[in-house]
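Me: Hey, I've got a protein model open and want to talk through its aromatic rings. Can you help me out?

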Amino acid sequence: TRIDGVAALAEAVPEATRGLISALGWLRPESLRGIVKSFLDDASPLRRMLGLAACSVHRVDPHSYLGRLLRDDAPIVRSRALRLVGELGRAELNQELREAVRDPDDTCRFWAAWSAGLIGERGPTIPILKQHAEGDGAFKWRALDLVLRIMPQPEAMAWLRSLNSDPKH
């Protein structure tokens, strides 16, 4: 009941969502089992995303839910599912990531590329991560961190030199 109340608050005040996700991390995974399952099945996109976020903070694989939520109508749910693929190292979902790098939502494209990079896919991953690293968006530093680790070293060094020569960076 309390978690439902806090979830309702997060639906009314989206700024509270990050705090709620952190709070879910403090709870024992056993105490969340039924709650997370109900969130993953909920009609509310925010609650489905919270279910995925709870799985993320506890590194619990939601198994078949993950595949279904990768195709969710709500970008907030798809992006969290795409992120979870990489966090869990679910390489068998590589094809879904390849498709998601063309998602109409920028956040979904980023998390698809990030997760693909973590599981070893390079194809369209590097250009997407470089684009975010060169920008000023929310994913700049996360993109920079990963792209430098997955690019071939000579290419990464040349790219860093070009960034260094640009006063914007």
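Me: Let's start with W111. Is it buried or exposed?
Reply: Keep in mind that this is a predicted model. W111 comes out at 6% relative accessibility, so it counts as buried, since the cut-off for buried is under 20%.

Me: Ok, and how are the rings of W111 and F139 arranged?
Reply: Their centres are 5.5 Å apart and the planes sit at 80°, so this pair is edge-to-face. The cut-off there is over 60 degrees.

Me: Where do W111 and F139 sit in the chain?
Reply: W111 is in helix 8 (residues 106-118), while F139 is in the loop between helix 9 (125-134) and helix 10 (140-150). So the pair ties together parts that are 28 residues apart in sequence.

Me: Which residues do the ring pairs link into a cluster?
Reply: F110, W111, W114 and F139.

Me: New topic: charges. What lies over the face of W114?
Reply: That's R142, at 5.8 Å from the ring centre.

Me: And what about W141? What lies over its face?
Reply: K140 does, at 5.6 Å from the ring centre of W141.

Key:
Residues are numbered from 1 along each chain as its sequence is written. This is a predicted model: local features need pLDDT of at least 70, side-chain atom pairs count only at pLDDT 80 or more; totals for chains, interfaces and linings use all residues. Side-chain values use heavy atoms; hydrogens and water are left out. Buried means under 20% relative accessible area, exposed over 50%, partly exposed in between (1.4 Å probe, protein chains only). Rings of Phe, Tyr and Trp (its six-membered ring) pair if their centres lie within 6.5 Å; planes under 30 degrees apart count as stacked, over 60 as edge-to-face and the rest as tilted. Helices (H or I, at least four residues) and strands (E, at least two) are DSSP runs, numbered from the N terminus. A charge sits over a ring if NZ of Lys or CZ of Arg is within 6 Å of the ring centre and within 35 degrees of the ring normal.
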